[in-house]
Amino acid sequence: MRKLKILVILSILLIPLSSLLALDIIDIPLSPKNIFNLNKGKKEIIITIDDGPTPGVTDIILDELKNQNIQAAFFVIGQKAEKNPELMARISDEGHIIGNHTLTHPILTKLDPSNWKQILNGEFFGTHQKIETYFNQQREWYFRAPGGAWESKLAQYLNQDPIGLRYLGPLYWDIGGEILYSNGKYLSAADWDCWRKNLSVHQCLEGYSNETVKFKGGVILFHDVRKESAELITEYIKSFKKLGYSFKTLDDIQL
Ligand SMILES: [Zn+2]
């Protein structure tokens with residue numbers, strides 16, 4: 001009788017625990033807030049490249065990553081992915097992670113309130129359909145919101161779908177968010193804004209470098225839209241390899 005009691009108590013305790021653990025492993029829902037502070041302080045750099053693929057730019061970046069034996073994550077725009085299947089195949093074949101960055105890059109917190117669900121469906125799941133065939137053996141399916149704009153109702157809505165639930169994100173970045181200039185020095189930089197403001201690759205690199213050293217590494221944001229970014233990435237990798245930093249992927253870090 002006593003044995004039975006213990007068994008009953010044990011099973012009550014264990015069954016919910018095991019099912020919770022299983023849920024944790026299979027479904028990490030999209031977060032109601034951006035996921036910040038991804039991997040600072042370890043002298044490890046995780047390169048993420050957004051808004052492509054772009055012919056004449058992504059190819060050059062892929063060449064350089066291959067030369068340096070570095071794996072990156074490409075958060076692609078669905079419409080561009082559809083137009084550039086060769087680049088998508090190359091990103092995938094060369095072992096990089098492919099992430100969902102929506103179909104047309106809208107600011108998701110500013111969608112038309114009368115039909116935001118329908119638009120979000122097309123932007124998120126429409127992109128998933130276009131990119132899933134290129135997914136590698138990547139541990140997770142990753143999502144990054146355009147401009148980092150996010151709110152909890154978007155996560156709640158997408159998590160109702162098993163595909164949305166399977167995604168991890170939205171992933172923010174540690175380095176590369178904005179240009180900060182003080183006392184004659186670039187303390188940080190964001191490549192898209194560097195080119196918009198006619199900064200040189202050298203000036204932009206100074207910002208990226210100072211921010212990387214300040215945080216001792218982390219998840220870094222570049223864009224594969226303009227050629228200058230390809231040059232910037234090349235110089236950046238060279239410089240941080242010399243400084244003894246190692247290059248990791250999103251799959252390598254604990255998120
Ligand atoms: Zn973007």
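What we are looking at is a predicted model, in which local features need pLDDT of at least 70 and side-chain atom pairs count only at pLDDT 80 or more, while totals for chains, interfaces and linings use all residues. Residues are numbered from 1 along each chain as its sequence is written.

Although T102 is not a glycine, its phi is positive, at about 75°, and T102 sits in the loop between β3 (97-100) and α5 (116-131); helices (H or I, at least four residues) and strands (E, at least two) are DSSP runs, numbered from the N terminus. Most residues other than glycine have a negative phi, and most peptide bonds are trans.

K43 is another non-glycine residue with a positive phi, near 55°, and its place is the loop between α1 (2-26) and β1. With 14 C-beta neighbours inside 10 Å, K43 counts as partly exposed.

Turning to the peptide bonds, G52 and P53 are joined by a cis bond with omega about 0°, and P53 belongs to the loop between β1 (44-50) and α2 (58-68). A cis bond also joins G169 and P170, with omega about -5°, and P170 is found in the loop between β5 (167-168) and β6 (180-182).

Now to helix α9, residues 201-215, whose 15 residues should span 21 Å at 1.5 Å a residue, in agreement with end C-alpha atoms that are 21 Å apart; the expected span is 1.5 Å times one less than the number of residues. Which residues of α9 are buried? They are V201, C204, L205, G207, Y208, E211 and T212. Seen down the axis of α9, these buried residues fall within an arc of 155°, so they line one face of the helix, the arc being that of the directions from the helix axis to the C-beta atoms. An α-helix has 3.6 residues a turn, so residues three or four places apart point the same way.

The buried residues of α9 pack against β1, β7 (185-188), α8 (191-196), β8 (217-223) and α10 (227-242), with contact taken as C-beta atoms, placed from the backbone, lying within 7 Å. On the other side of α9, H202 and K214 are exposed. After α9 comes K216, whose phi is positive, near 50°.

Technical notes: Buried ≥ 20, exposed ≤ 12 C-beta atoms within 10 Å, placed from the backbone. Contact = placed C-beta atoms within 7 Å.
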